[in-house]
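Colleague: I have the file open and would like to talk through the fold with you. Could you take me through it, one topic at a time?

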Amino acid sequence: MRIFSQTVLLTALATISFGVQAYEVGKPFQGGTIFWVDSHNRHGLIGSITDSNEAFPWSNDYKSTGAFSIGIYGGKANSQRILYYTEPGKTYAALKASYNTSADYRDWYLPDIGELQIMMLSGVISGLDASCYWSSTEGDKHTAYAAHYPSNNINVVRYDKHHECYVRAIRRF
């Protein structure tokens, strides 16, 4: 009876060990491409396969949204704040990112400036060009941060919120 218990325990441990998925930067996953994985290889960030088909303003008004987070997963909170505080009307960057439904996932958001830089520097997201891309990080009530990606060199800039830039949505897993 004791041998049977040890066998069951070893089988259960083997199932747990082999059931862990290894995430790899650059691999397609859940509607996009993985561009960052945490040190425990459990969570990460996925970039959408395509940009928005046109440029959009960051916001359609000059309210402060409090979207000041910078760093891994900060874009989700920023995007939620932008969606909450921005007046309805024309489509704007965070709203456009939230409309992404690639592979039927509906949790896409506008990356904060740190996540946007990590995505650009990863070198695994195809189709990024010299156009500007909005981040969800607000500068002040009149400006927000965007990034240009000419010749594999990132330029971070603050633009008026009515300036139009492209959107590359991301999601976390």
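Colleague: Which strands form the open sheet of 4 strands, and in what order?

Modeller: That open sheet runs in the order β1-β2-β3-β9 with antiparallel pairing, where two strands count as paired if DSSP finds at least two bridges between them. Helices (H or I, at least four residues) and strands (E, at least two) are DSSP runs numbered from the N terminus. Before going further, note that this is a predicted model, in which local features need pLDDT of at least 70, side-chain atom pairs count only at pLDDT 80 or more, and totals for chains, interfaces and linings use all residues. Residues are numbered from 1 along each chain as its sequence is written, and side-chain values use heavy atoms, with hydrogens and water left out.

Colleague: Which strands stand at the edges there?

Modeller: β1 (28–29) and β9 (170–172) do, and because each has a single partner strand, one side of each is left without a neighbour in the sheet. The partner of β9 is β3 (residues 44–48), paired with it in the antiparallel sense over 3 bridges, and I46 stands opposite R171 of β9.

Colleague: And which helix packs on that sheet?

Modeller: α4 does, touching β2 (32–37), β3 and β9, and its direction makes about 105 degrees with that of β2. Contact here means heavy atoms within 4.5 Å, and the axes are lines fitted to C-alpha atoms, for helices over the stretch in contact, with angles running from 0 to 180 degrees between N-to-C directions.

Colleague: Switching to helices, which residues of α2 are buried?

Modeller: They are G74, G75, N78, S79 and I82, where buried means under 20% relative accessible area, exposed over 50% and partly exposed in between (1.4 Å probe, protein chains only). Seen down the axis of α2, these buried residues fall within an arc of 125 degrees, so they line one face of the helix; the arc is that of the directions from the helix axis to the C-beta atoms.

Colleague: What does that face pack against?

Modeller: The buried residues of α2 pack against α3, α4 and β5 (133–138).

Colleague: Next, the backbone: what is the phi of Y73?

Modeller: Phi of Y73 is near 70 degrees, a positive value in a residue other than glycine. Most residues other than glycine have a negative phi. Y73 lies in the loop between β4 (56–57) and α2 (74–85), and counts as partly exposed because its relative accessibility is 25%. D104, also not a glycine, has a positive phi of about 65 degrees; it is found in the loop between α3 (93–98) and α4 (113–122), and at 62% relative accessibility D104 counts as exposed.

Colleague: Finally, how many helices and strands does the whole chain have?

Modeller: The protein chain has 4 helices and 9 strands, running α-β-β-β-β-α-α-α-β-β-β-β-β from the N terminus on. Of its 173 residues, 40% count as buried.
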